[in-house]
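Let's take a walk through this protein together. Have a look at the sequence and the fold, and then we'll go into the details.

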Amino acid sequence: MKRILSTAEILIIVIIALVPIFATLPYRINIFLSWEGAYRLYLGQTPFKDFGMPVGYMYWEIPAMFFKIFGPQMITLVKAQAFINILSGLAFRSIFKSLGIQPGIRFASVLVFCLSYTFFNYWPWYNNTVIMYELVGLAFLMKYIFSTSTSKGKYGWLVASGFFIFCSFFTKQDGGALGLLICLALLGYLALAHKQWLALGVFVGSVFVTGLALILPVTGTFGYWFNHGQPPHSSRMSIGEILGDFLGASQMIKFYILLIVLLLMVAVKNWKEFWLNKQQMIFTLLTLGILAEATIFQVTSYVPVDNNIFFHSFAFAFIIYLFSQLLPIRFDSWKPVIVLAAVVMLWWSQVYWRYIDRFVLKSGGEAYTTMTHEGLVYANVVNRNTFMIHQDSTDIPLDQWRVPKLKSFERIMMPNPTVDGIERLMNMDLVKNGKNLKVLNMSELTPLAAEVPFALETGPEYPLWFHKGVGMFDKETDMFVNRIQNKHYDLVLFEYIPYLNNFYPFKVREALQANYKKVDVFTAPRKPSSTAWVEVYVKP
């Protein structure tokens with residue numbers, strides 16, 4: 001049974017991770033940033049010297065490696081994320097294997113992790129990659145904590161843990177710092193309860209040395225760009241917002257805490273013995289640490305929604321573990337394991353049901369929502385699918401999206417007007433016949449750099465992405481405005497998103513309207529499709 005469940009865990013992790021790489025996918029908003037950062041590293045550019053960014057560069061290392069292997073296409077990002085998801089799943093499994101959790105509980109927990117977390121994340125994003133590095137670091141830490149070896153070689157697990165925890169911090173500061181605090185809490189417990197002070201020193205030393213190794217080669221403008229709350233950056237840490245989200249929402253986190261507290265009150269008969277029980281204390285601290293991290297992470301990393309959803313699997317594993325200590329149920333036989341897995345599948349059925357409903361059953365309610373009372377045809381059926389009239393007639397449904405005939409966008413669908421606009425752009429005389437074009441691409445269509453092609457601008461002052469107040473600031477905005485006023489560029493693409501606050505700086509658009517000629521405009525690759533446009537400018 002142990003062998004079968006172990007094999008099943010690995011198969012679930014790998015299969016769920018690999019499925020998306022065989023699909024044709026709709027364009028994902030914001031994925032332009034993943035592509036350009038990986039592309040710049042793929043070209044051999046150096047972070048903080050050839051371009052600046054307010055985070056570390058470890059997020060882009062894996063996609064850049066996959067660009068080297070498979071080529072700089074958008075679909076390669078999906079392949080990179082499949083690899084990241086496999087690492088995440090295996091690290092999660094390793095954590096509970098080190099904790100000595102019953103195979104049946106571990107199997108169900110892996111199922112929860114894959115359904116609730118990796119299933120959704122088939123595009124890479126730094127708010128996901130930061131958790132992968134953290135999980136790998138925690139897996140190595142658990143290897144050390146529960147190692148039965150007496151040799152000094154086991155400190156290698158601590159060195160590896162420190163390395164990956166700093167990689168997490170150098171992917172995204174908030175998640176990485178929270179992961180570091182969890183590790184320090186676990187090692188602090190070992191030092192206090194079991195007098196293992198050396199372990200704490202080795203781990204901290206590993207984090208410090210890794211930081212030096214990753215930062216020293218890119219010093220220069222690093223202090224300006226790296227966001228730790230100093231001007232011109234602003235901190236995202238707000239105690240008020242964290243308390244507001246926790247007390248005003250966060251229902252599942254609070255529910256899990258309630259269950260854990262109640263179960264611990266029943267399960268722990270002697271708190272001194274509990275304090276000295278390494279397995280139970282480490283498991284408790286780890287779970288509460290993950291719940292605390294999820295509480296803060298949902299405030300500091302709010303895009304996309306549910307970045308913190310990894311907490312479900314940890315809380316589930318701990319709660320079922322506590323129940324198994326209190327109830328006469330052993331998850332070392334098939335019947336309870338099958339029942340537990342079936343309950344998990346029912347709990348997370350919304351994840352896979354929509355695909356079954358769409359592609360297998362091919363069902364769906366009547367779709368009369370775009371009809372109006374002014375039409376000649378009236379809906380005869382009024383139900384939950386038809387009782388409201390859909391007013392937005394400008395949105396473009398997915399069945400009117402297609403894949404551009406460009407290598408970089410292979411198997412990536414975009415709205416038909418977007419593809420039409422890209423084709424018009426590629427057929428412009430300036431693009432077809434121009435040599436060494438100077439191009440400013442302030443749009444989500446970053447792979448056009450490889451298709452036109454044109455050289456990406458470089459320099460320690462040049463931002464990797466153009467979100468005002470996040471990826472660039474007043475100094476960089478003024479730099480682009482001056483270049484536009486001096487007619488520095490042959491071609492400019494600017495994405496106008498009026499409902500987002502300076503996602504691409506409005507001041508740059510004003511300079512373009514005053515100094516350049518707008519020759520085309522087409523729908524941006526967003527959904528709903530009527531909310532953003534790509535404007536094409538050339539010298540007058």
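A pocket here is an open set of points, on a 1 Å grid over the protein atoms alone, where a 1.4 Å probe fits, with protein on both sides within 12 Å along at least five of seven lines; lining residues have an atom within 4 Å of a point. Points are joined across faces, edges and corners, and a volume is the space filled by probe spheres set on them. What you see is a predicted model, where local features need pLDDT of at least 70, side-chain atom pairs count only at pLDDT 80 or more, and totals for chains, interfaces and linings use all residues. Residues are numbered from 1 along each chain as its sequence is written, and side-chain values use heavy atoms, with hydrogens and water left out.

Start with the largest pocket, which holds about 1400 Å³ of space. Its lining counts 37 residues, and Pro 26, Phe 120, Tyr 122, Arg 354 and Tyr 355 lie nearest the centre. Helix H17 gives the most to this lining, with five residues (helices, H or I, are DSSP runs of at least four residues, strands, E, of at least two, numbered from the N terminus).

Now move on to the open sheet, where four strands follow the order E4-E5-E7-E6 with mixed pairing (two strands pair if DSSP finds at least two bridges between them). At the edges sit E4 (439–442) and E6 (517–523), each pairing on one side only. E4 runs parallel to E5 (491–496), paired over four bridges, and Val 439 stands opposite Leu 491 in E5.
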